[in-house]
Amino acid sequence: MVNEKFPENSWSDNPADAEQFSDEGGEDDANENHTSSWSPYEDPYQRPSQVSQKLIPNHSLTTSKISFLASLDDVCEIDKEKQQNIKKGFSLFEGMLLVMMSLNLFMMMGFLGCMGLFYIELLDEFHLTRSIASMVVSVPWGFAFGSGILTGLLINRFPCGLIIVFGSLMMSSGIIASSFASNIISLIVTLGIFSGIGGSFIFISSFIGTGLYFGQRGSYAIAIVSVSVPLGFLLYPLLATVLISEFTWRGAMLILGAISLNSVPFGIIIWRAKLRLKSEETVLDVKASSIDNFGSVLSIHKNDITMKLCKDIFADKKFWVFLLGITLLFSLVTLIFNQLTDFCIELGYKSVASMALTFFNIPSFFGRVSCSLLLRFTRITTPVVFAVTLTLFGLTVSLVSVAYNFQSIIAIITIAGFFQGPATGIYTCVIIEIIGFQRAAMAQGVTDTTYGLATILVGYIAGLISEVTRSYKNGFLLFGILAAASGVILCVYLLVSKCRSGSDQSESTTDTNVKPVHV
C-alpha cells in the first residue's frame with residue numbers, strides 16, 4: 001500500500017515536514033501491518049477515533065492536527081444548528097410576514113381568476129369578436145408570467161420588498177385606469193400590460209423573498225404562502241360577480257384596483273423587515289448580499305454565465321419535452337378561467353355560471369395536498385407525478401365537449417381541478433429535478449416566459465375556434481387533447497430514460513466487479 005502524499009504546507013508550517021514524510025514513504029510501503037491512515041480528503045464529518053501517529057512522524061504537527069479536528073467540531077455544530085433552525089417554528093413577527101405575503105398573492109392571482117367574468121362584459125361593451133375578446137383577457141395572464149426574466153433581472157438589483165411595492169402600484173394603477181378605457185387598445189395597455197407586469201413583480205418577488213428570509217425553513221414557508229393562490233381563485237370570482245352586478249364592470253375594476261393598493265403597505269413593511277438569519281451560501285450559490293433588508297439582492301456565481309446556462313438548458317432534450325407540457329398545461333388552465341363562465345351562459349345557466357370556477361378551484365386545493373402526501377410517503381418522483389396528472393387533466397377537460405347540462409359540466413370540471421392542482425403546484429420542483437439546482441433559476445425564467453407568451457396566442461386561437469364553430473366545446477376538446485398528448489410524450493420519455501439509465505448502471509456495476517490486474 002502506498003500512503004497518500006499531502007501537499008506542501010497542508011498540515012504544517014514547516015516545508016521540511018513534507019520532505020521527511022516523503023523520504024519515509026518507502027519504509028511504510030514495506031510494512032504491511034502498520035495502522036491504517038486517515039486522509040483529510042475523505043468525508044470530513046466522519047471523524048476518526050484515533051489518528052495514526054505513523055501518518056506524519058514529525059510530532060511538531062500536533063498543534064495543526066488538533067486545530068483541524070477542532071474545525072471538524074465546529075462544522076458538526078453548524079450542521080446541528082441548521083437542523084434545529086429547520087425544526088424551529090415561526091414567531092409572531094414571522095407569522096405576520098407570512099400573512100402579508102399570502103395576501104399579496106391572494107389579491108394578485110385572485111384578480112387574474114376574474115378575467116372570465118370581464119370577458120363576458122367586454123363582448124357586450126365593445127362589440128368584440130370572441131377571438132379578440134379572448135385575447136384581451138389573456139394578455140394579463142401572459143404578461144404576469146411572461147415577464148419572469150424581467151422580474152428576475154430586477155430582483156438581482158433591488159430588494160424584493162421594494163419590487164413588491166412597485167409592482168403593486170403598477171397593477172393597481174393599471175386596473176383603475178382600465179375602468180376608464182374607451183377603446184380596446186387602451187384596455188390592452190392598462191389591463192394587459194401594466195397590470196400584468198405589476199402582477200409578475202408581486203408573484204415572483206413574494207416567493208423568492210419568502211425563501212430568502214426564512215432560509216432553511218423556506219420550503220415550509222413557501223408551502224404556506226402558496227395556499228393563498230387557490231384561495232384567491234376561489235373567492236375573487238364570487239366577489240367580482242357581486243361587484244359587477246351592483247356597479248357594472250367599470251365600477252368593479254375601480255374597486256378591485258383600490259383593493260390591490262393594500263399590497264403597497266405590505267411591501268413597505270416587508271422591505272423594512274430586519275433579517276434575523278446569518279449570511280450563508282446555499283446549494284444554489286445564491287447569497288444574501290444585503291442582510292439588513294428583506295429581499296436581499298441575489299448574486300449568481302461568476303462562472304454561471306447567462307449565455308452558458310441558456311445553452312446548457314436548451315441542450316437538454318428532457319427540458320424541451322417538459323416545456324411543451326407546461327406550456328399546454330397553463331394555456332389550458334387560462335382557457336378555463338377565461339371561457340368556462342361564458343360557456344355555461346351559452347348553455348342557459350347565467351345565474352350560476354360563476355359557480356363553475358368555484359368547483360374548479362376547490363378540488364385543486366385538495367389535489368395539491370394529496371400530491372404532497374404522495375411524494376412524502378412514496379418513492380414516486382415529481383416528473384412522473386407531473387406527467388401523469390397532466391395527461392389526466394387534459395383528458396378530463398376534453399370531456400367538456402360532450403357536456404349537455406350544468407351538472408355534467410360541474411362533474412367534469414371538479415375532476416379536472418383535482419388533477420390540475422398537482423400539475424401546476426409541483427412544476428418548479430420538476431424543473432429542479434430535470435435541470436438541476438445551478439440552472440433552475442434560469443430555466444424557471446425561460447419556462448415562465450414561454451408559457452406566458454403562449455397563453456396569449458392560445459387565447460386568440462381558442463376564441464377564433466369558438467367564433468367559427470359557434471361553440472366553446474371545440475376549443476376545450478382541441479387543447480385538452482394536446483395537453484394530454486404532451487403528458488403521454490413526457491411519460492414515454494421518462495420511461496425510456498429510466499430504462500437507459502438502468503442499463504448503463506448495470507454495465508458500470510459489471511465493470512467495477514472486474515478485478516484490476518496489478519503489474
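User: What does Arg250 count as at 24% relative accessibility?

Analyst: Arg250 counts as partly exposed. One caution first: this is a predicted model. The general idea is that a residue under 20% is buried and one over 50% is exposed, with partly exposed in between. Arg250, at 24%, falls in that middle class.

User: Which residue forms a salt bridge with Arg250?

Analyst: Start with the general idea. Side chains of opposite charge can pair when their charged atoms come close. Here, Arg250 pairs with Glu125, and their closest N and O atoms are 3.2 Å apart.

User: How many salt bridges does a search of the whole structure find?

Analyst: The search finds two. One of them joins Arg130 to Glu346, with 3.4 Å between the closest N and O atoms. This pair links distant parts of the chain, 216 residues apart: Arg130 belongs to helix H6 (residues 130–146) and Glu346 to helix H14 (residues 317–346). Arg130 is partly exposed, at 23% relative accessibility. Glu346 is partly exposed as well, with a relative accessible area of 32%.

User: Let's turn to a helix. What length is expected for H17 at 1.5 Å a residue?

Analyst: Compare the actual reach with the expected one. H17 covers residues 406–425, 20 residues in total. From first C-alpha to last, H17 reaches 28 Å, close to the expected 28 Å.

User: How many residues of H17 are buried?

Analyst: Count them along the helix. In H17, 14 of the 20 residues are buried, so the helix is largely enclosed by the rest of the structure.

User: What lies within 3.4 Å of the backbone nitrogen of Gln407?

Analyst: Look at the start of H17. There, a side-chain oxygen of Asn405 comes to within 3.4 Å of that nitrogen.

User: Which helix gives the most to the nonpolar patch?

Analyst: Helix H15 (residues 355–377) does, with six residues. Phe377 lies in H15.

User: Is Phe377 buried or exposed?

Analyst: Use the cut-off again: exposed means over 50%. Phe377 reaches 62% relative accessibility, so it counts as exposed.

Key
Residues numbered from 1 in each chain as written. Predicted model: local features only at pLDDT ≥ 70, side-chain atom pairs only at ≥ 80, totals over all residues. Heavy atoms only, no water. Salt bridge = Lys/Arg side-chain N within 4 Å of Asp/Glu carboxyl O. Buried < 20%, exposed > 50% of the residue type's maximum accessible area, 1.4 Å probe, protein only. Helix = DSSP H or I, 4+ residues; strand = E, 2+ residues; numbered from the N terminus. Expected span 1.5 Å × (residues − 1). Polar contact = N/O pair within 3.5 Å; in protein donor to acceptor, adjacent residues only side chain to side chain.
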